Amino acid sequence: MGDIESIAYLYASMMDSDGKIATKELESWYQMVEKRWPDFQKEVAGNILKNTLYRIKSQDNSEKMNQIEKVLIELKDNLKQKEINDLAKDLSTLIRSDGKISIGEMNLAGLLNWKLGLDINFN
């Protein structure tokens, strides 16, 4: 899995944590991709996220947690500290984008803090 697929898994997990995907959350995804990979085609980025959401919807909780663990290990091994800090800012924007903060988002943010040191801001 490449960096964009790994980050897509985190985004999709956050988006799906409250059971609803808001348009503002999708916009947050596209803004992050454009900022991080300016030459990446929007349609391809959308397909990556869509396929990731389908995969998450088909996984049970155990499979989701196993995949999150793999993604976190991959990101820790592949991203520089600045990229991890930028990811924390991007995920903070995603969480706040729909105006609601779910328990699932808070739990996932706690896991990301524990495993990657991501400091996700809920304010």
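1. Among contacts in the protein chain between residues at least 6 apart in sequence, 77% join residues at least 24 apart; contact here means heavy atoms within 4.5 Å. The model is a predicted one, in which local features need pLDDT of at least 70 and side-chain atom pairs count only at pLDDT 80 or more, while totals for chains, interfaces and linings use all residues. Residues are numbered from 1 along each chain as its sequence is written, and side-chain values use heavy atoms, with hydrogens and water left out.

2. On confidence, the mean pLDDT of the protein chain is 88, and 99% of its residues reach 70 or more; pLDDT is the predictor's confidence in each residue, from 0 to 100.

3. The protein chain contains six helices and zero strands, in the order α-α-α-α-α-α along the sequence. Helices (H or I, at least four residues) and strands (E, at least two) are DSSP runs, numbered from the N terminus.

4. As to overall dimensions, the C-alpha trace spans about 35 × 30 × 30 Å along its principal axes. A compact globule of 123 residues would have a radius of gyration near 14 Å, and the 13 Å of the protein chain agrees with this. The radius is taken over C-alpha atoms, and the globule rule is 2.2 Å times the number of residues to the power 0.38. Of the 123 residues, 41% count as buried; buried means under 20% relative accessible area, exposed over 50%, and partly exposed in between (1.4 Å probe, protein chains only).

5. The largest nonpolar core has 35 residues, and those with the most contacts inside it include Leu10, Trp29 and Leu112. Two or more residues of this core come from each of H1, H2, H3, helix H4 (61-78), H5 and H6, with H1 giving the most, nine residues. A nonpolar core is a set of buried Ala, Val, Leu, Ile, Met, Phe, Trp, Tyr and Cys residues joined through side-chain atoms within 4.5 Å.

6. Helix H2 (residues 23-36) has 14 residues, which at 1.5 Å a residue should span 20 Å; its end C-alpha atoms are 20 Å apart, in agreement. The expected span is 1.5 Å times one less than the number of residues. Within H2, Glu25, Ser28, Trp29, Met32 and Val33 are buried. Seen down the axis of H2, these buried residues fall within an arc of 130°, so they line one face of the helix; the arc is that of the directions from the helix axis to the C-beta atoms. On the other side of H2, Thr23, Lys24, Gln31, Glu34 and Lys35 are exposed.

7. Which helices do the buried residues of H2 pack against? They pack against helix H1 (3-16), helix H3 (42-58), helix H5 (81-97) and helix H6 (103-116). Leaving aside residues up to four places away in sequence, tryptophan 29 touches Ile4, Ile7, Ala8, Tyr11, Met15, Ala45, Gly46 and Leu49.

8. Alanine 8 is placed in helix H1 and, at 0% relative accessibility, counts as buried. Beyond residues up to four places away in sequence, alanine 8 touches Trp29, Ile48, Leu49 and Thr52. Alanine 8 and valine 33 are 25 residues apart in sequence, and their C-alpha atoms are 9.6 Å apart in space.

9. Asparagine 113 lies in helix H6 and, at 38% relative accessibility, counts as partly exposed. Apart from its neighbours within four places in sequence, asparagine 113 is in contact with Leu118 and Asp119.
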